[in-house]
Amino acid sequence: MLEPGDHGKQENPQAPKPIGEIIAFLRRPAFHPEKTFYEHEVLGEIKPDDIRNLLLLPFEVALTEKNNRVILSTGTQDDIGDDPDLLSRMRHSRLYLHTHPPLGEKRRGANAPSFSDAIVATYSGTTTPQIVAHEEGMMLYQGPSFDPITKQPFDSSLQDTRDLVFKFGEANGLDIFEYGLDPKLVNPMTLPFQEVAPITRRFTEEAKMIRKEASWGDEEGIAELMKFVNLKT
Ligand SMILES: [Zn+2]
C-alpha cells in the first residue's frame with residue numbers, strides 16, 4: 001500500500017506537475033520539440049518568472065485550459081502545431097496563451113501576435129482570453145476589430161480576416177500568404193525577421209487587437225494578466 005508522502009517508485013507520470021518541473025524536463029537536450037509533442041497538466045500557481053522561463057526554451061509553448069486545469073503543450077520553433085485537442089482548446093477553453101521565444105537573436109522583437117495568430121483569434125470564442133508572451137512582456141489580444149485600410153470598424157462575423165490581413169500586407173509591400181502572384185509583393189519569409197516584426201506589431205495596433213499589455217517591469221499590469229493565466233477570471 002502506498003503511504004502518504006511515499007511517492008518514490010509509484011509516481012504516476014501523468015500526475016500534474018509544478019510548471020518548474022515541466023520546464024526542467026523540457027530543457028533537457030534530449031527533448032526534441034520537432035519530433036515529440038508533449039503535454040502535461042500544471043499543478044499549482046504559475047508565476048511571471050515561470051512564463052519568462054518558458055521563453056528561454058527554443059520552441060513555442062502553449063497554455064490552455066481543460067477541466068479547470070492549465071495544460072502546457074509544446075510547439076516548434078515556428079508555431080504551436082496542429083494537435084486537434086490543442087486547437088480546440090485554443091478556440092474554446094478558458095485560456096490560450098502562447099510564447100514567442102526570441103530564439104537568441106533570430107526572433108528578437110516578436111512582441112505581438114503574428115498574422116496567423118490574428119486569424120486564429122477570429123475563430124476563438126469570446127470566453128477564451130488570447131495572450132502572447134514575449135521577451136518584452138505579455139499582451140492580451142482579440143481578433144481585428146478595425147480595418148486599417150478603409151478606416152472602418154471590422155466585424156469578423158461578416159468580413160474575412162484573411163482578406164484583411166492580405167490587404168494590409170499588400171499595402172506594406174508584403175505577400176503575407178506567399179501566393180507569389182504579384183511580383184511587386186515580397187514574400188515575408190525571405191526578409192529578415194526584424195523587418196517584418198514591426199509591420200506585424202503595427203497591424204496589431206491599427207486593427208485594434210490589443211486589449212491589455214504589460215512589460216515585465218510593470219508588476220501590476222503583469223499581475224492582471226497572470227489572473228487569466230491562473231484561471232482566476
Ligand atoms: Zn504566435
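Me: Why does I131 count as buried?

Reply: In this predicted model, I131 has 23 C-beta neighbours inside 10 Å, and since a residue is buried if 20 or more other C-beta atoms lie within 10 Å of its own, I131 counts as buried.

Me: Where does I131 sit, and what does I131 touch?

Reply: The place of I131 is in strand β6, residues 130–134, and, leaving aside residues up to four places away in sequence, I131 touches L97, M138, M139, L140, L225, F228 and V229. S215 is 84 residues from I131 in sequence, while the C-alpha atoms of the two are 13 Å apart in space.

Me: What makes the buried residues of α5 line one face of the helix?

Reply: The buried residues of α5, which spans residues 161–171, are L164, V165, F168 and G169. Seen down the axis of α5, these residues fall within an arc of 135 degrees, so they line one face of the helix. An α-helix has 3.6 residues a turn, so residues three or four places apart point the same way.

Me: What covers the buried residues of α5, and which residues are exposed on the other side?

Reply: The cover includes α4 (115–122), β8 (146–147) and α6 (193–206), whereas D163 and A171 are exposed on the other side of α5. The helix is followed by G173, whose phi is positive, near 75 degrees.

Me: How do you know which side of α1 the buried residues are on?

Reply: In α1, residues 19–27, the residues I19, I22 and L26 are buried. They cover an arc of only 60 degrees around the axis, which puts them on the same side of α1. The face turned away from that buried side carries the exposed residues A24 and R27, and what covers the buried residues includes β1, β2, α2 (48–54) and β4.

Me: What makes β1 and β10 edge strands of the sheet?

Reply: Eight strands form an open sheet with mixed pairing, in the order β1-β2-β4-β3-β5-β6-β7-β10. The strands β1 (17–18) and β10 (210–215) each pair on one side only, and they are the edge strands.

Me: How do you know that β1 pairs with β2?

Reply: Two strands pair if DSSP finds at least two bridges between them, and β1 and β2 (residues 39–43) are joined in the parallel sense over two bridges, which meets that cut-off. The bridge partner of K17 in β2 is V42.

Me: Which strands does helix α3 lie across?

Reply: Helix α3, residues 84–92, lies across β3 (61–66), β4 (69–74) and β5 (96–100), and runs at about 75 degrees to β3.

Me: Why is the chain called as compact as a globular protein of its length?

Reply: The secondary structure of the chain comes to seven helices and ten strands. The radius of gyration is 19 Å, close to the 17 Å that the globule rule gives for 233 residues, so the chain is as compact as a globular protein of that length. Along the principal axes, the C-alpha atoms fill a box of roughly 70 × 35 × 35 Å, and buried residues make up 33% of the 233 residues.

Me: Where should the predicted coordinates not be read in detail?

Reply: The chain averages a pLDDT of 92, and 95% of the residues score at least 70, but pLDDT stays under 50 over residues 1–8, for which the model has one contact beyond four places in sequence. Where pLDDT is low, the predicted coordinates should not be read in detail.

Key
Residues numbered from 1 in each chain as written. Predicted model: local features only at pLDDT ≥ 70, side-chain atom pairs only at ≥ 80, totals over all residues. Buried ≥ 20, exposed ≤ 12 C-beta atoms within 10 Å, placed from the backbone. Helix = DSSP H or I, 4+ residues; strand = E, 2+ residues; numbered from the N terminus. Arc of directions from axis to C-beta. Contact = placed C-beta atoms within 7 Å. pLDDT = per-residue confidence, 0-100. Axes fitted to C-alpha atoms, helices over the stretch in contact; angles between N-to-C directions. Rg over C-alpha atoms; globule rule 2.2 N^0.38 Å.
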